[in-house]
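Okay, thanks for coming, everyone. Let me put the model up and we'll walk through a few parts of it.

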Amino acid sequence: MKNKQGVQKNRKPKVALVLGGGGARGIAHVGVLRTLEAAGIKIDAVVGTSMGALVGACHLLGRLDLFESEARSLNKRKAIKEILDLTVPKYSLLKGKKAHRYIEKLVGRNNFSHLSLPLWIIATNLADGQPIIINKGSLANAIQASIAVPGVFPPVKLGDDYLVDGGVASPTPIAEAIAWGADIVIAVDLVLKRGTKLKEKPDLLFTLMQSYETIRNKSVWDGQTEHQKVILIKPDLSGNGLVSSFKFFKVDDFIAAGTKAAIGVLPEIREAIDSF
């Protein structure tokens with residue numbers, strides 16, 4: 001049965017989890033995911049941008065522990081060995097081949113069909129700046145496109161399009177989750193607050209990333225649409241060097257921030273589901 005607005009009654013709401021981009025700050029997603037799971041919050045789909053795409057894929061493959069273990073072991077020496085392949089900066093600072101192998105280390109050579117739930121990965125079409133939804137084919141290829149930070153990694157060609165980091169067009173892809181058909185959207189937003197103080201002299205990568213943050217620091221959809229409820233989870237990443245997109249050694253702090261933020265909105269999530 002439908003009401004006058006055409007919304008189906010007497011059914012469970014479709015809940016989508018949005019995992020935003022943010023480099024190392026995306027480790028906070030681990031705390032959010034584990035908190036929601038421990039609380040019994042059932043998710044029907046995941047929409048991820050950049051690091052959120054990688055964490056989402058690992059979660060839906062049952063590899064979240066592997067992701068956390070790799071994050072904990074990632075130091076400068078390991079990053080140089082397994083991720084950083086510097087090149088003549090004609091297209092980018094890094095070739096991206098090591099990054100692709102590292103992504104495959106985390107998600108294997110799996111396709112979207114191997115996931116436990118639907119996953120939409122968001123990238124940006126370099127030609128027109130529009131968000132592109134990837135939901136089929138190779139997970140590693142889709143994730144590499146979604147994390148291809150302009151200037152740091154080269155654009156990734158998928159089909160006829162050259163794609164870059166999804167955060168350029170949609171850092172916290174709430175609109176895409178609603179387009180998927182979600183009634184309730186739980187969105188983890190990692191976009192930095194403006195005016196964050198810098199405590200050390202920025203190096204080249206930090207300058208590139210911070211400039212990129214400025215580009216993608218857009219307002220995030222917050223509140224109630226006509227038929228969808230949007231609940232924001234905003235981890236506090238303002239202290240202890242957590243503003244950096246590269247400080248993977250802050251794993252415990254990132255996870256704790258995600259856990260605390262998720263616990264804070266559990267009552268709102270339960271109320272939205274129960275009152276649907």
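First, the ground rules. This is a predicted model, so local features need pLDDT of at least 70 and side-chain atom pairs count only at pLDDT 80 or more, while totals for chains, interfaces and linings use all residues. Residues are numbered from 1 along each chain as its sequence is written, and side-chain values use heavy atoms, with hydrogens and water left out.

So, the overview. The protein chain has nine helices and nine strands; those are DSSP runs, helices being H or I with at least four residues and strands being E with at least two, numbered from the N terminus. Of the 276 residues in the protein chain, 52% are buried. By buried I mean under 20% relative accessible area, with exposed being over 50% and partly exposed in between, using a 1.4 Å probe on protein chains only. As for contacts, meaning heavy atoms within 4.5 Å, look at those in the protein chain with a separation of 6 or more: 73% of them come from residues 24 or more positions apart.

Now to strand E7, residues 184-188. Five of its five residues are buried, so the rest of the structure largely encloses E7. What covers the picture on each face? Ile 184, Ile 186 and Val 188 are buried on one side, and Val 185 and Ala 187 are buried on the other. Remember that side chains in a regular strand alternate between the two faces of the sheet.

Which strands does E7 pair with? Pairing here needs at least two DSSP bridges between the strands. E1, residues 15-19, runs parallel to E7 over five bridges, and there Ala 16 sits opposite Val 185. E9, residues 229-233, also pairs with E7 in the parallel sense, over five bridges, with Val 188 opposite Ile 233.

Next up is strand E3, residues 119-125. Seven of its seven residues are buried, so to speak a mostly covered strand. E2, residues 45-49, is joined to E3 by four bridges and runs parallel; Val 46 is opposite Leu 119 there. With E4, residues 131-134, the sense is antiparallel, over four bridges, and Thr 124 has Pro 131 as its bridge partner. The E3 and E4 hairpin has five residues between the strands, and Gly 129 in it takes a positive phi near 75°. Then there's E6, residues 161-165, antiparallel to E3 with three bridges, where Ala 123 partners Asp 165.

Ser 50 lies in the loop between E2 and helix H2, which spans 51-60. Ser 50 isn't a glycine, yet its phi is positive, about 55°. Most residues other than glycine have a negative phi. Ser 50 has 7% relative accessibility, so it counts as buried.

The other serine is Ser 92, in the loop between helix H4 (76-82) and helix H5 (97-107). Buried or exposed? Ser 92 has 6% relative accessibility, so it counts as buried. Its side chain reaches the backbone oxygen of Leu 94 at 2.5 Å. Leaving out residues up to four places away in sequence, Ser 92 touches Thr 87, Gly 151, Val 152, Phe 153 and Pro 154.

Moving on to H5 itself. The buried residues in H5 include Lys 98, Ala 99, Tyr 102, Ile 103 and Leu 106, and the buried residues of this helix pack against H2, H3, H4 and helix H6 (139-146). Setting aside neighbours within four places in sequence, His 100 contacts Ala 140, Asn 141 and Gln 144. After H5 comes Gly 108, with a positive phi near 70°.

Last one: helices H3 (64-73) and H9 (251-274). They pack at an angle of about 140°, with their axes 10 Å apart; axes are lines fitted to C-alpha atoms, for helices over the stretch in contact, and angles run from 0 to 180 degrees between N-to-C directions. H3 and H9 are therefore oblique to each other, given that under 35 degrees is roughly parallel, over 145 roughly antiparallel, 65 to 115 roughly perpendicular and the rest oblique. Glu 68, Ala 71 and Arg 72 in H3 meet Val 251, Asp 252 and Ile 255 in H9. That's it from me, thanks.

Terms used
A polar contact is a pair of N or O atoms within 3.5 Å; within protein, one must be able to donate a hydrogen and the other to accept it, and residues adjacent in sequence count only if both atoms are side-chain atoms.
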